[in-house]
Amino acid sequence: MISSQVIQKTLDELRSITRIDLCVMDVDGKVNSTTFPIEDEDFGDISSFVESMADSQVIRGYHFFKIYDGQTVEFILIAKGGNEDTYMIGRVAVSEIQNLIVAYKERFDKSNFIQNLILDNLLLVDVYNRAKKLHIPVEAKRVVILVEIRNEKDQDAIEILKNMFISRSNDFITAIDEKNIIIVRNLEESDDYESIEAIARMIVDMLNSEAMAKARVSYGNIIHEIKDVSRSYKEAKMALDVGKIFYVEKNIVGYNNLGIGRLIYQLPMPLCEMFMKEVFGGKLPESLDDETLNTINKFFDNNLNISETSRQLFLHRNTLVYRLEKIQKSTGLDIRVFDDALTFKIALMVSSYMDFMNNQD
């Protein structure tokens with residue numbers, strides 16, 4: 001439904017041009033928007049006008065008009081004054097608001113269609129029929145972008161995000177809950193994954209600077225048919241989860257760049273438990289505290305280079321070697337050797353995945 005803020009803005013613009021005061025009420029006589037104080041005004045019995053056959057009427061020096069949504073009276077417009085000019089401005093205001101109602105209703109219908117499309121609530125034949133009815137191109141280059149706001153109910157962040165894309169008629173934006181927003185982005189033929197990454201970066205930066213909100217953004221693969229929107233959404237959802245588990249330091253993750261995290265995410269839990277039991281006897285050894293894990297990760301980041309790792313950790317080379325040997329004694333894996341390092345890295349990722357899944361339960 002069209003908001004009172006939108007109607008108020010329309011009335012204010014007409015008032016500034018015509019100098020004629022306007023008021024919009026619902027059919028029960030409750031004020032929606034107005035350009036003049038109405039506490040002391042006597043409009044008479046509005047319900048009689050609502051029930052009458054007339055579309056407009058002059059009552060006590062005011063022009064009354066019915067505003068329709070289809071065949072139903074949705075609002076009553078009151079123009080202050082009883083002359084011909086007031087009547088003409090009232091008709092213009094009625095036309096403006098009725099057009100807004102149609103536009104917002106169409107936007108709501110499109111948003112509802114996209115939500116059902118994303119959630120797989122439509123048969124394939126219904127997808128094409130409804131897309132045609134709503135004038136949504138069936139074949140177009142698109143991608144689904146998923147934005148997670150770290151703080152729930154951050155309405156400022158949500159409004160900023162909506163305003164970023166509302167001017168693009170072929171983009172669709174819908175909130176699936178209080179933290180997650182889905183954007184179905186219409187792409188140009190020249191757009192690629194670098195372009196999508198730039199859009200994601202713009203979203204993160206905008207939310208951070210305008211709303212002071214922390215956001216995580218993911219996106220699915222590029223699609224070319226409306227029926228594949230659901231698949232791109234599922235890919236974006238997986239990318240969001242995989243990013244939380246394996247790439248915590250990243251706030252933008254694309255499905256096309258998930259690496260080994262994609263494989264581990266799809267492993268069944270019994271297989272993960274079997275692998276952890278084989279490597280560590282069931283779980284990570286208690287000797288692997290935060291400091292030790294930081295050393296290991298830094299060693300991996302530097303491609304098993306002892307000299308560069310010790311420099312970045314501000315450690316003597318011998319101290320780092322001692323730590324690595326200590327890890328070998330507690331785990332049986334010498335991460336200075338590529339095969340053992342690979343096993344250890346995968347084990348760390350499997351452990352993170354298992355912790356994530358257990359917390360989900």
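A pocket here is an open set of points on a 1 Å grid over the protein atoms alone, with protein on both sides within 12 Å along at least five of seven lines, and its lining residues have an atom within 4 Å of a point. Its volume is the space filled by probe spheres set on the points, which are joined across faces, edges and corners.

Keep in mind that this is a predicted model: local features need pLDDT of at least 70, side-chain atom pairs count only at pLDDT 80 or more, and totals for chains, interfaces and linings use all residues. Residues are numbered from 1 along each chain as its sequence is written, and side-chain values use heavy atoms, leaving out hydrogens and water.

**Exercise 1.** Describe the second largest pocket and say which element gives the most to its lining.

*Solution.* 
- Start with the space: about 470 Å³.
- Next, find the elements, where helices (H or I, at least four residues) and strands (E, at least two) are DSSP runs numbered from the N terminus. Those giving two or more residues to the lining are α7 (229–246), α10 (290–301) and α13 (338–360).
- α10 comes out on top, with six residues.
- Now look at the centre: of the 17 lining residues, Ile-245, Phe-246, Asn-297, Lys-345 and Ser-352 lie nearest to it.

**Exercise 2.** Work out how β4 pairs with strands β3 and β5.

*Solution.* 
- Two strands pair if DSSP finds at least two bridges between them.
- β3 (residues 56–59) runs antiparallel to β4, with four bridges. One to look up is Val-58, whose partner in β4 is His-63.
- On the β5 side (residues 72–80), β4 is again in an antiparallel pair, joined by eight bridges. Here Ile-67 faces Phe-75 of β5.
- Check the turns: each hairpin has two residues between its strands, and positive phi values turn up at Arg-60 (near 55°) for β3 and β4 and at Gly-70 (near 70°) for β4 and β5.
- Finish with burial (under 20% relative accessible area): seven of the eight residues of β4 (62–69) are buried.

**Exercise 3.** Is Asp-21 buried or exposed, and which side chains does its own side chain make polar contacts with?

*Solution.* 
- With a relative accessible area of 14%, Asp-21 is buried.
- Polar contacts are pairs of N or O atoms within 3.5 Å; within protein, one must be able to donate a hydrogen and the other to accept it, and residues adjacent in sequence count only if both atoms are side-chain atoms. The Asp-21 side chain makes one with the side chain of Arg-15 at 2.8 Å and another with that of Thr-35 at 2.9 Å.

Terms used: 1 Å grid on protein atoms, 1.4 Å probe; cavity = no way out; pocket = protein on both sides within 12 Å on 5 of 7 lines; lining within 4 Å. Buried < 20%, exposed > 50% of the residue type's maximum accessible area, 1.4 Å probe, protein only.
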